[in-house]
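Dear colleague,

I am handing over the structure below, together with an account of what was found in it. Please read the account with the coordinates open beside you.

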Amino acid sequence: MHPIVLKQFNIFTNYINDELSKVESLPRTSEEMTTFIKNVRDDHIIASSPKHDVNFISQLKMYALE
C-alpha cells in the first residue's frame, strides 16, 4: 500500500500545484489554503489517478487540511 499512497500523494500535490497556478490570487494564510483545498473536487483528482489502484485521495485531502 505504501507505494500506492506515495504515488497518490504525488498526484494530489501535482493537482493542487496546477490548480494554484490557475488562480488570480494565491492563498496567503493557512485558513485561505484550507478553504482552497476543501474546494478541490475529489473526483477531478481521482480522474487523474490509475483506475486499478485503491483510491486514497479523499483521505489524503482530509489529512492535508491538518
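**The nonpolar core**

In this predicted model, the largest nonpolar core has 10 residues, namely Ile 11, Phe 12, Tyr 15, Ile 16, Leu 20, Phe 36, Ile 37, Val 40, Ile 45 and Ile 57. A nonpolar core here is a set of buried Ala, Val, Leu, Ile, Met, Phe, Trp, Tyr and Cys residues joined through side-chain atoms within 4.5 Å, and buried means under 20% relative accessible area, with exposed over 50% and partly exposed in between (1.4 Å probe, protein chains only). The elements that give two or more residues to this core are α1 (2–20) and α2 (30–39), and α1 gives the most, with five residues. In soluble globular proteins, nonpolar side chains tend to be buried together.

Ile 45 lies in helix α3 and is buried, with a relative accessible area of 0%. Which residues does Ile 45 touch, not counting residues up to four places away in sequence? Its partners are Ile 11, Phe 12, Tyr 15, Val 40 and Ile 57, where contact means heavy atoms within 4.5 Å. Ile 45 and Thr 13 are 32 residues apart in sequence, and their C-alpha atoms are 9.7 Å apart in space.

Ile 37, in helix α2, counts as buried at 9% relative accessibility. Between Ile 37 and Ala 64 the separation is 27 residues in sequence and 7.9 Å in space, C-alpha to C-alpha.

**Helix α4**

Helix α4 (residues 57–64) has Ile 57, Leu 60 and Lys 61 as its buried residues. They cover an arc of only 100° around the axis, which puts them on the same side of α4; the arc is that of the directions from the helix axis to the C-beta atoms. An α-helix has 3.6 residues a turn, so residues three or four places apart point the same way. The buried residues of α4 pack against α1, α2 and α3 (42–47).

**The salt bridge**

A search of the whole structure finds one salt bridge, defined as a side-chain nitrogen of Lys or Arg within 4 Å of a carboxyl oxygen of Asp or Glu. The side chains of Glu 19 and Lys 22 form it, at 3.1 Å from N to O, and Lys 22 counts as exposed at 60% relative accessibility.

**The chain as a whole**

The protein chain has four helices and zero strands, which run α-α-α-α from the N terminus on; helices (H or I, at least four residues) and strands (E, at least two) are DSSP runs, numbered from the N terminus. Of the 66 residues in the protein chain, 23% are buried. Among contacts with a separation of 6 or more, 62% come from residues 24 or more positions apart. The chain exposes about 4800 Å², of which carbon and sulfur atoms supply 57%, with areas from the Shrake-Rupley method with a 1.4 Å probe, where for residues only the protein chains shown count as cover.

**Confidence and conventions**

The mean pLDDT (the predictor's confidence in each residue, from 0 to 100) is 82 for the protein chain, and 86% of its residues reach 70 or more. Among the elements, α3 has the lowest mean pLDDT (76) and α2 the highest (88). Where pLDDT is low, the predicted coordinates should not be read in detail.

Local features need pLDDT of at least 70 and side-chain atom pairs count only at pLDDT 80 or more, whereas totals for chains, interfaces and linings use all residues. Residues are numbered from 1 along each chain as its sequence is written, and side-chain values use heavy atoms, with hydrogens and water left out.

With best regards
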